[in-house]
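Biologist: Please show me the model, and then let us go through some of its packing contacts.

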Amino acid sequence: MAAPLLHTRLPGNAAASASAVKTLRASRTGLSDMLALENDFFNSPPRKTVRFGGTVTEVLLKYKKGDTNDFELLKNQLSDPDIKDDQIINWLLEFRSSIMYLTKDFEQLISILLRLQWLNRSQTVVEEYLAFLGNLVSAQTVFLRPCLTMIASHFVPPRVVIKEGDIDVSDSDDEDDNLPANFDTCHRALQIIARYVPSTPWFLMPILVEKFPFVRKSERILECYVHNLLRISVYFPTLRHEILELVIEKLLKLDVNASRQDIEDAEEAAAQTGSGRDAPEGLFNMDEDEETEHEPKADPERLEQMAHPVAERLDILLALLLSYIKDVCYVDGKIDNNKTKDLYRDLITIFDKLLLPTHASCHVQFFMFYLCSFKLLILGQYWSWGFAEAFLEHLWKKLQDPNNPAIIRQAAGNYIGSFLARAKFIPLITVKSCLDLLVNWLHIYLNNQDSGTKAFCDVALHGPFYSACQAVFYTFVFKHKQLLSGNLKEGLRYLQSLNFERIVMSQLNPLKICLPSVVNFFAAITSKYQLVFCYTIIEKNNRQMLPVIRSTAGGDLVQTCTNPLDTFFPFDPCVLKRSKKFIDPIYQIWEDMSAEELQEFKKPIKQELVEDEDDDFLKGEVGITPTSFDTHFQSPSSSVGSPPVLYLPDQSPLIVRICD
């Protein structure tokens, strides 16, 4: 099991998240302090230690003349694993006085110095080594990259070499109590080097990319490295965009390898077996037959662990990123408008580059959801207009721009619908404004198609149109109660002004393309309020739905396509335990429908089942009684999956899943 979280990390707990950025700033060491430290060392007499050969300057000069004996002796003494602190201090003092001779010819010697175990030694050794690094990079910039590489290598727990016979079973030292102090020292080293070489950030970024641990490494290693990357972005702001892009790219790789369905299955299996990811520890429990009623309560930290190993890594890193976002945006408990705007610009650019083109990512995009919940602070008051509206406007521009690829426009439509439906912090006036924009664009699109030759149902031709339709239907299903609350007459007048009937009855037939689960709810609600009657079209579409025979190893499989748009809802419920703590307070869950509302589904959908009961493509249906709307609005587990279709015959609602 991983060791306790670092006290210097940017975690979700209140104590650390409130002071993290302050701690980072306070850890800096000024150049004047280092110069004062230099004088102390030069003015103090060298410690008496046993050594062989001449001074460093003499050894270097002899080496250039071809005499390598003393040079080899020097390398052997520096490579001694039992080297003492006093010896290191004396060597470093001499190297600093001979810094002008340490040219590229002595690259091998510098490599040995950079491999010295200097972090877990006395504070005097650490300070002298930091001073040596500053002198080295200022006098010999050719060694800047090796110095930065050495520092970056210390951003993860050190590897402990353990061998069992001839097999190396080494792993990171998770229990090292000095890790927080070592990380602080490494960040001091980077800042000292940057004082001497202002171009340090430019050379550092490629090294950070190269040193990023493989995503299958342990949670502890990934957590430490990402934590240190985020710290670097605080004192090297020019690197923030690249660091955030690197971190989010790695998160995305984890995300696409842990679908929501896989995570839920793993959690369900762990709950049924009563074991988590640490279950193998009890493999040889000799007391398993004894009474268990006196067992201690589960560790709260273990309760937060995800059963799915990839989801565990993703959850830790995403929670770290969300905590970082909060620490950057909030200063002394109040939002800093300028810092938040700057961070939003960085993240929206990364969102466009990485998230928008990625299909069916489940959780990484919640960093935008969380950031957009922040409101601008103007004249001491939080304004209702904020980053959520800016995000929606950005997505809207993507959707309506014909110069964007269709896949990007459709993804923007998915994000608009899911964001409007799920963001609890979006005011109703913003929801109405977005519906007005979307519906008006749909009517204009239909006007342009009426006189054309492409006015027929085709996803390839009208993908953005269908995506916008689904965003409207999905938002309406979630928000119809708020839209009709207060003055029912005014609410109905507004909904009638949207003219859903023209969209539904158009030759492009959006009800055939949109997800059946969304269509069925939309049809029931609009029928209840007599806005539009969709069931005749739904029945006609069902009769025209042709089955597809697919040959598999187990024989022929009859299927039908119920998700031609390959739709997913990016803000479906977050199932990561740590990250949920950030999202749940601002997240709109689906409220179960009352018995009266459920009756709206019975008659028309029962008729569908009666008419289609002989169709082959309904074979293999599985009946499940749903408890919430989230059951019906699951994202596809893969790009070829499809969400369930809702049917409610008799008194018990059923889900019929027809695989795409």
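This is a predicted model: local features need pLDDT of at least 70, side-chain atom pairs count only at pLDDT 80 or more; totals for chains, interfaces and linings use all residues.

Biologist: At roughly what angle do the axes of helix 15 and helix 16 cross?

Modeller: Two packed helices are described by the angle between their axes and the distance between the axes. Helix 15 covers residues 309–329 and helix 16 covers residues 337–355. Their axes come within 8 Å, and the crossing angle is roughly 145°.

Biologist: Which residues of helix 16 make the contact with helix 15?

Modeller: Helix 15 contributes Ile325, Val328 and Cys329. The residues of the contact divide into 5 nonpolar, 1 polar and 1 charged. On the side of helix 16, the contact is made by Lys339, Thr340, Leu343 and Leu347.

Biologist: Is leucine 239 buried or exposed?

Modeller: Leucine 239 is found in the loop between helix 11 (219–235) and helix 12 (240–255). Its relative accessibility is 3%. The cut-off for a buried residue is under 20%, so leucine 239 counts as buried.

Biologist: What is the geometry of the pair formed by phenylalanine 369 and phenylalanine 419?

Modeller: The whole structure holds 39 aromatic pairs. In this one the ring centres are 5.8 Å apart and the planes stand at 85°. Planes over 60 degrees apart meet the cut-off, so the pair of phenylalanine 369 and phenylalanine 419 is edge-to-face.

Biologist: Which helices does that pair link?

Modeller: Phenylalanine 369 and phenylalanine 419 are both buried. They are 50 residues apart, and the pair links distant parts of the chain. The helices are helix 17 (residues 366–371) for phenylalanine 369 and helix 19 (residues 406–422) for phenylalanine 419.

Biologist: What is the angle between the planes of phenylalanine 465 and tyrosine 466?

Modeller: Phenylalanine 465 is buried, at 0% relative accessible area, and tyrosine 466 also counts as buried at 0%. The two rings form an edge-to-face pair, 5.5 Å centre to centre, with an angle between the planes of 70°.

Biologist: Over which ring does the charged end of lysine 432 sit?

Modeller: The charged end of lysine 432 is 5.1 Å from the ring centre. The cut-off for this distance is within 6 Å. The ring belongs to tyrosine 494.

Terms used. Residues are numbered from 1 along each chain as its sequence is written. Side-chain values use heavy atoms; hydrogens and water are left out. Axes are lines fitted to C-alpha atoms, for helices over the stretch in contact, and angles run from 0 to 180 degrees between N-to-C directions. Helices (H or I, at least four residues) and strands (E, at least two) are DSSP runs, numbered from the N terminus. Contact means heavy atoms within 4.5 Å. Ala, Val, Leu, Ile, Met, Phe, Trp, Tyr, Cys and Pro count as nonpolar, Asp, Glu, Lys and Arg as charged, and the others, Gly among them, as polar. Buried means under 20% relative accessible area, exposed over 50%, partly exposed in between (1.4 Å probe, protein chains only). Rings of Phe, Tyr and Trp (its six-membered ring) pair if their centres lie within 6.5 Å; planes under 30 degrees apart count as stacked, over 60 as edge-to-face and the rest as tilted. A charge sits over a ring if NZ of Lys or CZ of Arg is within 6 Å of the ring centre and within 35 degrees of the ring normal.
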